[in-house]
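Here's a friendly walk through a protein model, taken one spot at a time. Keep the structure open as you read.

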Amino acid sequence: MVNWSEVLEPIAAWFRSLGVPEPIVHWGHPVMMAIVIFVVGSFVGVAGWRGKLLEDKDKDAALKSRIAHRQLAPWLFLFLAGGYTGGVLSLVMQHKPLFESPHFWTGSLVLLLLLLNGVISLSGFAGDKKALRAAHAYLGSVALGVLLLHAVLGFNLGISL
């Protein structure tokens, strides 16, 4: 089995050599990801549901919300994937184990859920099928819920290190 800490150690050593202060190494990932989760994640989720729920009532507002959701959701995924990488490197820099934390596993689950949701969306909802649109909405909501749990687990991890 691959020891990922050993594989990533040269990269972590390079970052360590930059002299980044320990509080930034320790809390940089949580602070930046909290912004991504609570600001960008909330906006993407609200815009998606707003576009879905306003469809029959206010077509212009629904269209604007769907466009905003479509434009920002890929950025949310990219920011989360980058943050995931940063969090892993932060643990390696601090000589902490990678796979023992539920925070690691909830982060992995979120990326998988959002990747699946992106595939559903990029498929055009398989010909604009209502069931796939509904699955996309609920899967995205589950991913955001797991992100909230992930944030709590991350805070607990941060204060325990």
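## A buried methionine

Methionine 33 has a relative accessible area of 11%, so it counts as buried, the cut-off being under 20%. Bear in mind that we're looking at a predicted model. As for where to find it, methionine 33 sits in helix H2.

What does methionine 33 touch once its neighbours within four places in sequence are left aside? The answer is Phe79, Leu80 and Gly83. Leucine 78 makes a handy landmark too: it is 45 residues from methionine 33 in sequence, and the C-alpha atoms of the two are 12 Å apart in space.

Is histidine 26 buried or exposed? Its relative accessibility is 8%, so histidine 26 is buried, given that buried means under 20%.

Not counting residues up to four places away in sequence, histidine 26 touches Gln94, Gly158 and Leu161.

## Serine 65, over on H3

Now hop to helix H3, where you'll find serine 65. With a relative accessibility of 6%, serine 65 counts as buried, because the cut-off for that is under 20%. Setting aside its neighbours within four places in sequence, serine 65 is in contact with Ala47, Arg50 and Gly51.

## The nonpolar cores

In soluble globular proteins, nonpolar side chains tend to be buried together. Here, the largest nonpolar core has 17 residues. Which of them touch the most other members? They are Val36, Leu76, Leu80, Val110, Leu113, Leu114 and Leu147. H2, H3, H4 and H6 each supply at least two residues of this core. There's also a second, separate core of ten residues, with Val25, Val88, Val92 and Met93 among them.

Valine 110 is worth a click. Leaving aside its neighbours within four places in sequence, valine 110 is in contact with Leu80, Ala143, Val146 and Leu147.

## The largest pocket

Rolling a probe the size of a water molecule over the atoms shows where empty space is left. The largest pocket comes out at a volume of about 1000 Å³. Its lining is made of 31 residues, and His69, Asn117, Ser121, Phe125 and His136 lie nearest the centre.

Which helices each give at least two residues to this lining? That would be H2, helix H3 (59-93), helix H4 (102-122), helix H5 (124-128) and helix H6 (130-160). Sorted by class, the lining of the largest pocket holds 13 nonpolar, ten polar and eight charged residues.

## The second largest pocket

The second largest pocket has about 520 Å³ of space. It is lined by 30 residues, and those nearest its centre are His29, Pro30, His103, His150 and Gly154.

H2, H3, H4 and H6 each supply at least two residues of this lining, and H2 gives the most, with eight. How many of the lining residues are charged here? There are no charged ones: the lining of the second largest pocket divides into 18 nonpolar and twelve polar residues.

Methods. Residues numbered from 1 in each chain as written. Predicted model: local features only at pLDDT ≥ 70, side-chain atom pairs only at ≥ 80, totals over all residues. Heavy atoms only, no water. Buried < 20%, exposed > 50% of the residue type's maximum accessible area, 1.4 Å probe, protein only. Contact = heavy atoms within 4.5 Å. 1 Å grid on protein atoms, 1.4 Å probe; cavity = no way out; pocket = protein on both sides within 12 Å on 5 of 7 lines; lining within 4 Å. Points joined across faces, edges and corners; volume = space filled by probe spheres on them. Helix = DSSP H or I, 4+ residues; strand = E, 2+ residues; numbered from the N terminus. Nonpolar A, V, L, I, M, F, W, Y, C, P; charged D, E, K, R; others polar. Core = buried A, V, L, I, M, F, W, Y, C linked by side-chain atoms within 4.5 Å.
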